[in-house]
Amino acid sequence: MPIYVLEPPLRYNHAYAGSVIERVLPLKEARQACARRGVHADACSWESGHSCYLVIPRGGPVKDLRAYIRHERAHCNGWSEHHEE
């Protein structure tokens with residue numbers, strides 16, 4: 001069974017209006033960084049002020065880092081529900 005990153009709805013899949021600070025970390029470190037924020041996932045994101053912070057795993061189950069970036073950036077753009085269309 002293929003592993004993939006869920007694509008966000010189109011209305012959230014666009015550039016962020018503020019600064020984007022992106023950290024690409026080895027998978028284990030990315031999971032640890034996200035766990036410190038209460039997120040148990042390979043990647044995570046959060047907003048602070050007018051900035052969107054992304055933690056993206058390198059060497060994770062999904063090789064397309066752009067997929068992680070689109071997904072996490074969409075959370076900064078207001079996407080809160082993975083099942084929302």
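Cys76 counts as buried in this predicted model, with a relative accessibility of 5%. Its partner is Cys52, and the two are joined by a disulfide with an S to S distance of 2.2 Å. Cys52 lies in strand S3 (residues 51–58) and Cys76 in helix H2, so this pair ties together parts that sit 24 residues apart in sequence. Cys52 is buried too, at 0% relative accessibility.

A disulfide is a covalent bond between the sulfur atoms of two cysteines. Searching the whole structure turns up two disulfides. Cys34 is buried at 0% relative accessibility, and Cys44 is buried with a relative accessible area of 2%. With the bonded cysteines numbered in sequence order, the pairing reads 1-2, 3-4.

Now for the charged side chains. Side chains of opposite charge can pair when their charged atoms come close. Three salt bridges show up in a search of the whole structure. One of them brings together Glu7 and Arg70, at 2.7 Å from N to O. Glu7 is in the segment before strand S1 (19–26) while Arg70 is in helix H2, so the pair ties together parts 63 residues apart in sequence. Both ends are partly exposed, Glu7 at 38% and Arg70 at 23%.

Asp42 and Arg31 also meet in a salt bridge, at 2.6 Å from N to O. Asp42 comes from the loop between H1 and S2 and Arg31 from helix H1, so parts eleven residues apart in sequence are tied together. Asp42, at 19% relative accessibility, counts as buried, whereas Arg31, at 41%, is partly exposed. Arg66 pairs with Asp64, their closest N and O atoms being 3.1 Å apart. Arg66 is exposed, at 58% relative accessible area, and Asp64 is partly exposed, at 28%.

Then there is Arg73, in helix H2 (residues 65–76). Arg73 is buried but has no salt bridge, and the nearest side chain of opposite charge, Glu22, is 7.6 Å away. Setting aside neighbours within four places in sequence, Arg73 is in contact with Asn13, His14, Ala15, Tyr16, Cys52 and Leu54.

Note on methods. Residues are numbered from 1 along each chain as its sequence is written. This is a predicted model: local features need pLDDT of at least 70, side-chain atom pairs count only at pLDDT 80 or more; totals for chains, interfaces and linings use all residues. Side-chain values use heavy atoms; hydrogens and water are left out. Helices (H or I, at least four residues) and strands (E, at least two) are DSSP runs, numbered from the N terminus. Buried means under 20% relative accessible area, exposed over 50%, partly exposed in between (1.4 Å probe, protein chains only). Lys and Arg count as positive and Asp and Glu as negative; His and the chain ends are not counted. A salt bridge is a side-chain nitrogen of Lys or Arg within 4 Å of a carboxyl oxygen of Asp or Glu. Contact means heavy atoms within 4.5 Å. A disulfide is a pair of cysteine sulfur atoms within 2.5 Å.
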